[in-house]
Amino acid sequence: MTLPRIISRPLFFLLPLVIALALTTLCILALGADPLQVAQTLWEGAFKDPAKLAGVLNFWIPLTLASIGLIITFTAGLWNIGVEGQMMAGAIAASWSALYLPIPQPEIRVAASVICGALGGAGWALLVGLLKTRFGVNEIFGGVALNAIINTLAIYLISGPWQPPEGGSAQFTPPFPAEAWLPVMSPDFQVPLFMLILTVIAAVGVIFALRGTRFGLELRAAGKSPRSALLLGVPVTRAALLALILCGALAGLAGSQRVLHTYHSLRPLVSGGIGFYALLIALLANFRALPVPLLTFALAAIVAGSTRVSVLLGIDQSLIGVFQGILVLVILMTAGLRQSRPDAGKV
Amino acid sequence: MNESLLNMLNSIVANATPLVIATMGEVITERAGVINLSLNGSILLSAMVGVAAASLSGSAIIGIGAAALMGGLIALLLAFTSIRLRQDQVAVGFVLTLLCGDLARFLGKPFNNLPNPIIVPNMPIPVLSEIPVIGRVFFQHDPFVYFSGLLVFAVWWWLYRTRPGLTLRAIGERPEAAFSRGARVNRLRYMYTGIGGALVGVAGAAYSLGIKAGWASSPTMDGDGWIALAIVIFAGWHPFRVVFGAYLLAAMRAVASGIQQSPDINIPPVLLNMLPWLLMLGTLILVSGGVVERVVKLMPTRFQDGARTLLRSTPPAAIGTRFDGD
């Protein structure tokens, strides 16, 4: 098979997409729904009017923050499954600040909450790092356990200590005072400009930091071969911890956006699965930072649109995970097919 | 003996059973050199498939068969993608665990909270169940429990007392050496990954047709797959230690729910849900090299060697690697 590369490369990208779409369609048909109607409702749910587009951006912000953070840890060779918990830790810290730090000026109050969120996420990620570097617990297992622990802690805080004395809902904390909310661009376009700018800066910063700085080089060396990196004098442990802290801080920012803007309160499972979406995004991007913002935008549109699908057509949102999972799996498989061809390695 | 204590021991054995079956599957797989990280998703999807097949056919046996088939297929997909298509086992397993979990939630919707879930009935074993205490604790259960017990001895016997079992361990430790002695490394890895996956599928059925009958959109066994993976590490890939780990965890849970019910102890019940995860972290810290060495050094010299073998957890040397020989 000798197709010119200009044809074969897009083909290898499109083929998985087509297969994933076909299999997802089968799943929809299995439940007796109309796939075309699902697609149309999805599109309307994402782009029908500015409010819908704002919804897409509000999902794009935390998804991109978490994904770009994961690119850092993947570059360092770490499977940071704990990103979901790091978002929750950020959300808890930001909520604590929003609820209990009585700062009069709204700007400082919001900024303090966001900073708390980043610190919370970074701290929780550092725990994964210390478990790995000091105690030899693989980051996958440390991450899974810490995810469950922080989620339980959140449920405890929500149902107990953070309830108002007069009693409230066990499902969420009392709403934060309006001064603690992230200010939005306009009433019709409720996107927090501050977080949008922060996300763009973070994405651009990570793209360049991984490419052109000594830090990026050290991370890549540590990720490719920790032993040789160590022998060459790269501080491998420090690189791993730093990568985790940065990823955790970004995930914490993502968690802050969820509580300080999306919900205006802390609730269980505040992340809405963003951490797991982000892990698949990192795989889709083949661990490179550059494609991340576009991929996250596509996924954010699908997720935002799917709310409408689930409301109107009664189709569960787990369909997105199914589609994304099939897509990544098929991409891995076609990548394998490509490599096992005779001219492998000449890509 | 106290009646409520007997009940508690009985329920510990019942609750540990799916974990025992799943971990046995994973022990076989990992001993052959393949990491099947898809356990959590596999268990969910096969549990759902088990409920679906059982309720459509009206037969629990067909449900168990379908669940085993599902688990086996997922594992073979992992084996194919990592062996033939040479992709990273961790990546593939991770994608599969997410995908299967979401598939289970999505496709399982028509089977959410069915009114009369099909359940595998309790079958006390005639003579053995009459033995005081032991009969009550071990021999008054559903067949999954007896299966798990037989399975443990079967896996141990196969691994340590048979020739093919020696080959199985060899392809996980030194695939090149095994290959030069005539073992078809990758073919065997397919086989053991498939068998291990089928056992994981049976574990799923042991939840959904056994102790946690039925299917719900937020399944109660979610997370147990990760715990099972951790138990395998904690147990040093040895069948008997694995059983100990699974029972230890089930006992912890029983104690936690006991605390929850007792009026004198004042711990918020939600926080008790952290216990299995803290236990998981604690045991992983314990078995990782450094800590064991420090603990062993504190012991009298003549116990040190024994303690080291007992506590140490060394993974199969070639775990997660690829073998390109055949």
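Guide: The questions below go through some terms and the values behind them.

Guide: This is a predicted model, in which local features need pLDDT of at least 70, side-chain atom pairs count only at pLDDT 80 or more, and totals for chains, interfaces and linings use all residues. Residues are numbered from 1 along each chain as its sequence is written, while chains are lettered from A and ligands numbered from 1 in the order in which they are written.

Visitor: What makes a stretch of residues a helix with a number?

Guide: Helices (H or I, at least four residues) and strands (E, at least two) are DSSP runs, numbered from the N terminus. One example is α3(A), with 26 residues.

Visitor: Why is α3(A) called largely enclosed?

Guide: A residue is buried if 20 or more other C-beta atoms lie within 10 Å of its own, exposed if 12 or fewer, and partly exposed in between, with C-beta atoms placed from the backbone. In α3(A), 21 of the 26 residues are buried, so the rest of the structure largely encloses this helix.

Visitor: Which residues of α13(B) are buried?

Guide: They are B:Pro276, B:Trp277, B:Leu279, B:Met280, B:Leu281, B:Thr283, B:Leu284 and B:Val287.

Visitor: Why is A:Leu269 called exposed?

Guide: A:Leu269 has 12 other C-beta atoms within 10 Å, so it is exposed. A:Leu269 lies in the loop between α10 (236–263) and α11 (274–284) of chain A. A:Asn286 has 10 such atoms within 10 Å, so it is exposed too. A:Asn286 is in the loop between α11 and α12 (292–313) of chain A.

Visitor: And why is A:Pro235 called partly exposed?

Guide: A:Pro235 has 13 other C-beta atoms within 10 Å, so it is partly exposed. A:Pro235 sits in the loop between α9 (226–231) and α10 of chain A.

Visitor: What is the phi of A:Leu269?

Guide: A:Leu269 has a positive phi of about 50° although it is not a glycine. Most residues other than glycine have a negative phi. A:Asn286 is also not a glycine, and its phi is positive, near 55°. Just after α3(A), A:Gly77 has a positive phi of about 80°.

Visitor: Why are α6(B) and α7(B) called roughly perpendicular?

Guide: Axes are lines fitted to C-alpha atoms, for helices over the stretch in contact, and angles run from 0 to 180 degrees between N-to-C directions. Angles under 35 degrees count as roughly parallel, over 145 as roughly antiparallel, 65 to 115 as roughly perpendicular and the rest as oblique. α6(B) and α7(B) pack at about 80°, with their axes 5 Å apart. These two helices are therefore roughly perpendicular.

Visitor: How do the axes of α2 (residues 35–47) and α3 (residues 50–75) of chain A cross?

Guide: The axes come within 5 Å and cross at roughly 90°. That makes α2(A) roughly perpendicular to α3(A).

Visitor: What makes two residues a contact?

Guide: Two residues are in contact if their C-beta atoms, placed from the backbone, lie within 7 Å. A:Gly45, A:Ala46 and A:Phe47 in α2(A) meet A:Lys52, A:Leu53 and A:Val56 in α3(A). By class, this contact has 4 nonpolar, 1 polar and 1 charged residues. Ala, Val, Leu, Ile, Met, Phe, Trp, Tyr, Cys and Pro count as nonpolar, Asp, Glu, Lys and Arg as charged, and the others, Gly among them, as polar.

Visitor: How many residues does each chain give to the contact between the chains?

Guide: Chain B gives 32 residues and chain A gives 38 residues. On the side of chain B that touches chain A, α4(B) gives the most, with 11 residues. That side has 21 nonpolar, 7 polar and 4 charged residues.

How values were computed. Expected span 1.5 Å × (residues − 1).
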